[in-house]
Amino acid sequence: MSKIRPYEPTDRDQLVDIWEAASRVGHPFLTESDIGEQKALVRDIYLPQAQNWVALSEHGPVGFIGLLDNFVGGLFVDPHVHRAGVGRELIEHAALLKGHLEVEVYPRNEAAVLFYHRVSFVEIGRRSTDDQGRELELIRLRRD
């Protein structure tokens, strides 16, 4: 079980590194340019604007969840600890804080889709483009 605590600005660089490592595993369909653009957005906009919670091991941050009210703006776990329960712990923590949760995920990230189904999310819609206007479908999921 991880310790979960609020984000601190000193976490930024470690969380951006976790985001990048997890994104490269879950989003191999993104180009290097896409990764670079999104990395800057995560660092400069998403982390400062979201309510972030950080999962810690004895060695430091191993994952985080960013919440925009009840919307999971991002859930990223260090690939070295995938399938160790960190993502589930972060979702359960967020659910205790917020009640129902919603998230969008690329269907091409099959591991993420399976994860969200395992933690009781159900599909409520789809859209054909992502937030950057790329023709990459997104699934919207909800957990009550």
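Mentor: This is a predicted model. Let us begin with a pair of strands.

Trainee: How many bridges join strand β4 to strand β5, and do these strands run parallel or antiparallel?

Mentor: In general, the strands of a sheet pair through backbone hydrogen bonds, either parallel or antiparallel. Here β4 (residues 71-77) and β5 (residues 101-105) run parallel, and two bridges join them. Phe-71 stands opposite Glu-102 in β5.

Trainee: In what order do the strands of the sheet lie?

Mentor: The order is β1-β2-β3-β4-β5-β7-β6; these seven strands form an open sheet with mixed pairing. Its edge strands, β1 (3-6) and β6 (122-127), each pair on one side only. From one strand to the next, the twist averages 30°.

Trainee: Which strands does helix α3 lie across?

Mentor: Helix α3 (residues 86-98) lies across β1, β2, β3, β4, β5 and β7, and runs at about 35° to β3. Helix α4 (residues 110-118) also packs on the sheet, where it touches β4, β5 and β7. The direction of α4 makes about 165° with that of β5.

Trainee: Which residues of α3 are buried?

Mentor: An α-helix has 3.6 residues a turn, so residues three or four places apart point the same way. In α3, the buried residues include Val-86, Leu-90 and Ala-94; Gly-87, Ile-91 and Ala-95 are buried as well.

Trainee: What span does α3 reach from its first C-alpha to its last?

Mentor: With 13 residues, α3 reaches 18 Å, close to the 18 Å expected at 1.5 Å a residue. Just after α3, Gly-99 takes a positive phi of about 80°.

Terms used. Residues numbered from 1 in each chain as written. Predicted model: local features only at pLDDT ≥ 70, side-chain atom pairs only at ≥ 80, totals over all residues. Heavy atoms only, no water. Pairing = 2+ DSSP bridges. Helix = DSSP H or I, 4+ residues; strand = E, 2+ residues; numbered from the N terminus. Axes fitted to C-alpha atoms, helices over the stretch in contact; angles between N-to-C directions. Contact = heavy atoms within 4.5 Å. Expected span 1.5 Å × (residues − 1). Buried < 20%, exposed > 50% of the residue type's maximum accessible area, 1.4 Å probe, protein only.
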